Each structure stands twice: as structure tokens, then as C-alpha cells.
Amino acid sequence: MAELTYQSYAELCQFLNKNGRLPWLSDPIPAYRYAGWALPMIWEGNRILPNVPDRWGYHLHILQTRHIPDAPIPQIEFLGSAHQETLKHLHQWVALAAEHQSNWTGLTNLIAWIAFSLNIGHTPPPLDDVTQSKLYQSVNLQELVLHPYDYWGDIIAEGIGNGPWANPNAFYPTPMSICQLLTRMILPDTHGLSQEELKSIRTKKISDPAGSGTGRMLLLASNISLALYGVEKDALVWTASLINGVLYAPWMTFPIPDSILRKDDLENQEGAASAEIEAGANTTSNGHHVAPDTLQLVLPGY
């Protein structure tokens, strides 16, 4: 039997166009071998799950219309600490991805597997098909969406595995409760602002340049801004921050092109004698320029 190949996100779109559905586990090429296979599930969860703000619908509408809507950013109230049942399940997924190796290896494998499923990691995960099939049937990212929190920051800092290989860069995130206090102190108070004032703030760039980690400050800032920037040198931590973006703040991982942000900023400041509009291409949190296909996130039928 020939070894199965991995499929690109474009091939996932082609499959949907041809078959009128997303890939299944039972297909000749199983669902988990398509880059981005989990993205439509996150979008649909945002749309139909009660008490989940439809941030993906908001984001995709901006990319489709190339315009910032009058409607405010859907608000997320992040937890101050991890939802314990969700954290327990996350540990179980890590153990499953370990393939009888260390739990730290399981964590890095799981993050790589989820990154590929969300089309933010283009390197296929180093897992055999049996393990990937089990993960596909066990991992429920909607659970993280329903209980919004930076679980990855906590679990990376644990250094699970108790060996010198665990958390090699000694990453320890600022506690979420402290991040919440800092953002309330630093970011503008939006209560009582007019619709035009709120719309103007949404296009202002917010940066966490001193090591953005798993994105805690930026996640909290996503309640007021659509232009979020961060810097992180630890590749595993950076990937975890992009996963957080997909789950909670899609414009953090798939940035809105600067041409759209500047267009609305110019409209908001029309008539001003001197408007300072920062030029240049929008960048992702790793500093890469946004590719044109960033605007091709929408699968046919979504």
C-alpha cells in the first residue's frame, strides 16, 4: 500500500468543491491529512454555539467586503484561570500525542498537529496515522473556545516531562489575572465612546514587542483592536500564540491587510489637517508579510 500524502489547503477547497462536503476520517485520504481541515469547524462553532461571539464571521466579513463594519468587535470575556475540566482534557490529548515518549514530546507533537489542522503550520506533524486518527476522534477545540483562556501558556510553563528537554527556553507567562489588570490600566476605556470613536480605535495598532509569548496581552487587546502585533523568539510558544489567535482572535493570526485598515482609518479621519497614517504591509506575529492568499480563507459554501 502506497504511503498517504499530505494535502494542501487549496486541495481541501478543491475536495469541498468536488464532493460538496469536507473530508471524512473514512476517506482514502483521511481528513487529518488536509492542511486547515479544522478551520471550518471553528468558523461554524463561532456561528452556532450559544454564548460564543462570532468573531470568525466578523473577520471573514471584513476580508470579503474589504471594509471595517460599523458593528463593534464581538467581545470575549477571558477567564482569569484555566477551566479545570478543559485543562484535564488537554493533558489527555498531550499523553495521546506522546506515542509512548515523554509528555514534553507529546506537547510539541500536539501543537504541531493542531497547527497543521488550522493551516498555520505547513509542516505535517511527526505522528503516525494511528495516533492522528485517535487525536482526530478525541481532540475537541470547541471546548477551548467555550472556555476562553490561554491554556497553552500554562501547559508549556509546566515543563511537563520533568526533564532537561522540557520548556528549554524557560518560558513563564504573566498570570492572566495580571494581564487583565495591565490591559485595563494601559488600554483606552471604551465605555461611553461614540460609534465613530470606537470604530477609529479598532484600526489602531497595538503591539507587545517585549516578548509576546502565547499572546495573552494581545488576546485581551483584541476586544478593542483589529491590528495586533507581537514578537516572540521561541518557535513553540509563537506557534501556540497563533493557535490562540485562531481560537479567539482570528485577526491576530490571519491579519487584516493594512490597505483595509488604512482605508477605514482615512475615512475616520477625513477632514483632519494632519493625519498620521502608518504605511507599509501588515505583518503576522512572526514578521512575515501577509501573502495575497490571506484573503482566500473562505471555503466554498462558508
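Helices in this account are DSSP runs of at least four residues, numbered from the N terminus, and the structure they are assigned in is a predicted model.

**The largest pocket**

With that numbering, α9 (176–186) and α10 (195–202) each supply at least two residues of the lining of the largest pocket. This pocket has a volume of about 700 Å³, and among the 22 residues that line it, those closest to its centre are Gln 75, Thr 190, His 191, Asn 223 and Ile 224. By residue class, the lining is made up of 11 nonpolar, 7 polar and 4 charged residues.

Ile 178, Leu 181, Leu 182, Met 185 and Ile 186 together make a nonpolar surface patch of about 480 Å². One of these residues, Leu 181, has its place in helix α9, and because its relative accessible area is 40%, Leu 181 counts as partly exposed.

**Two residues with positive phi**

Arg 66, although not a glycine, has a positive phi of about 55°, and it lies in the loop between α3 (55–65) and α4 (84–97). His 100, likewise a residue other than glycine, has a positive phi near 65° and is found in the loop between α4 and α5 (103–117). Arg 66 is partly exposed, whereas His 100 is exposed, because exposed requires a relative accessible area over 50%.

| Residue | Relative accessible area and class |
|---|---|
| Leu 181 | 40%, partly exposed |
| Arg 66 | 33%, partly exposed |
| His 100 | 87%, exposed |

Definitions and conventions
Residues numbered from 1 in each chain as written. Predicted model: local features only at pLDDT ≥ 70, side-chain atom pairs only at ≥ 80, totals over all residues. Heavy atoms only, no water. 1 Å grid on protein atoms, 1.4 Å probe; cavity = no way out; pocket = protein on both sides within 12 Å on 5 of 7 lines; lining within 4 Å. Points joined across faces, edges and corners; volume = space filled by probe spheres on them. Nonpolar A, V, L, I, M, F, W, Y, C, P; charged D, E, K, R; others polar. Patch = residues over 30% accessible without salt bridge, like charges linked within 9 Å, V, L, I, M, F, W, Y side chains within 5 Å. Areas by Shrake-Rupley, 256 points an atom, 1.4 Å probe, with all protein chains shown as cover. Salt bridge = Lys/Arg side-chain N within 4 Å of Asp/Glu carboxyl O. Buried < 20%, exposed > 50% of the residue type's maximum accessible area, 1.4 Å probe, protein only.
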